[in-house]
Amino acid sequence: KPTDPFPDRPDTKLIEEIRNLKIETYKRDPNMLREDYSGEDETQKDYGGRAIWELLQNADDAMAPKGTLSADLIGVKGLGFKSVLEVTEEPEIYSGEFNFCFSAIKTQKLIKEEIKEIEDVPPLTFRIPHEVLPDSIIRELQKDYVTVIRLPFREGKEGIVQEWLEKLAPECMIFFQYIEVLKIILPNQAHRIYSCKRDKPGELTNCDIPIVEKIKNIPFRYRLWANTWSGEIGGKRHSVAISLPLKDGEPVSFNK
């Protein structure tokens, strides 16, 4: 399990302490800088095109009841969030009293200032956090949401993300464990709200899954067949499932 490396420091100093620790690590072993960048670059490529799914997965895990074992969550190692680098250069996270961003440009500048011996600093993004201040839009969102993530788009990526969201069909709700309402708000006013009330949130079992597109009041119903078992390493739950839409209470293939 993760441990707090700074148990005696106040939370308000946590971002600074993490940043200082990473700088000291790179001072002692500059090779770690290139190693961290290579791992980040490889993960980004592996998760290409999955940014929306990874963010929704993270949101679903965050909604699990307190005390839920990590083995019962969807995410495993927290790697998927790095997929956002496909659409943004500087992801920002606002959660409680923690307001910070990740930025290759800011990190390169900091390392060059702090470690003069390193001449070629790779564009590493996720190892060092940087404080940011919430603006009026973020503060307004924080009134309703515990965590707000802002992804300033890379040039030419806004249309791609909008296309991803436009293709996000009601069936996406089948793959979540806890999300009950998903609002998709698009610039062209083509908003959608998917609602799904599960009998047993968090349990992957044979069941019927009702979904409603609330704006047009269109109901969908799916039948899920599932099996789960514990992994041999780390206790991570493995699962396999298949789902088909229902018509008049009977499963039908998607091409019908």
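Of the 256 residues in the chain, 34% count as buried, where buried means under 20% relative accessible area, exposed over 50%, and partly exposed in between (1.4 Å probe, protein chains only). The model is a predicted one, in which local features need pLDDT of at least 70 and side-chain atom pairs count only at pLDDT 80 or more, while totals for chains, interfaces and linings use all residues. Residues are numbered from 1 along each chain as its sequence is written, and side-chain values use heavy atoms, with hydrogens and water left out.

The chain has six helices and ten strands; these are DSSP runs numbered from the N terminus, with helices (H or I) of at least four residues and strands (E) of at least two. Its C-alpha atoms fill a box of roughly 70 × 50 × 35 Å, taken along the principal axes. Among contacts (heavy atoms within 4.5 Å) with a separation of 6 or more, 53% come from residues 24 or more positions apart.

In soluble globular proteins, nonpolar side chains tend to be buried together. Beyond its neighbours within four places in sequence, Leu168 is in contact with Ile52, Trp53, Leu56, Leu182, Ile184, Arg192 and Tyr194.

Five aromatic pairs are found in the whole structure, counting rings of Phe, Tyr and Trp (its six-membered ring) with centres within 6.5 Å, and calling planes under 30 degrees apart stacked, over 60 edge-to-face and the rest tilted. Trp53 and Phe176 form a tilted pair, at 6.4 Å centre to centre and 50° between the planes. This pair links distant parts of the chain, 123 residues apart: Trp53 is in helix H3 (residues 51-62), and Phe176 is in the loop between helix H6 (158-166) and strand S5 (181-184). Trp53 is partly exposed at 32% relative accessible area, whereas Phe176 is buried at 6%. Phe81 and Phe126 have ring centres 5.8 Å apart and planes at 70°, so their pair is edge-to-face. Because Phe81 lies in the loop between H3 and strand S1 (92-95) and Phe126 in the loop between helix H4 (104-114) and strand S3 (129-131), the pair ties together parts 45 residues apart in sequence. Phe81 is buried at 16%, and Phe126 is buried at 12%. Together with Phe100 and Phe102, Phe81 and Phe126 form one aromatic cluster.

Helix H2 (residues 31-46) holds Thr43, which counts as buried at 10% relative accessibility. A polar atom of the Thr43 side chain lies 2.9 Å from the backbone oxygen of Gly39. Leaving aside neighbours within four places in sequence, Thr43 is in contact with Leu79 and Lys82. Arg34 is also found in helix H2 and counts as partly exposed at 38%. The C-alpha atoms of Arg34 and Glu203, 169 residues apart along the chain, are separated by 41 Å.

Key. A polar contact is a pair of N or O atoms within 3.5 Å; within protein, one must be able to donate a hydrogen and the other to accept it, and residues adjacent in sequence count only if both atoms are side-chain atoms.
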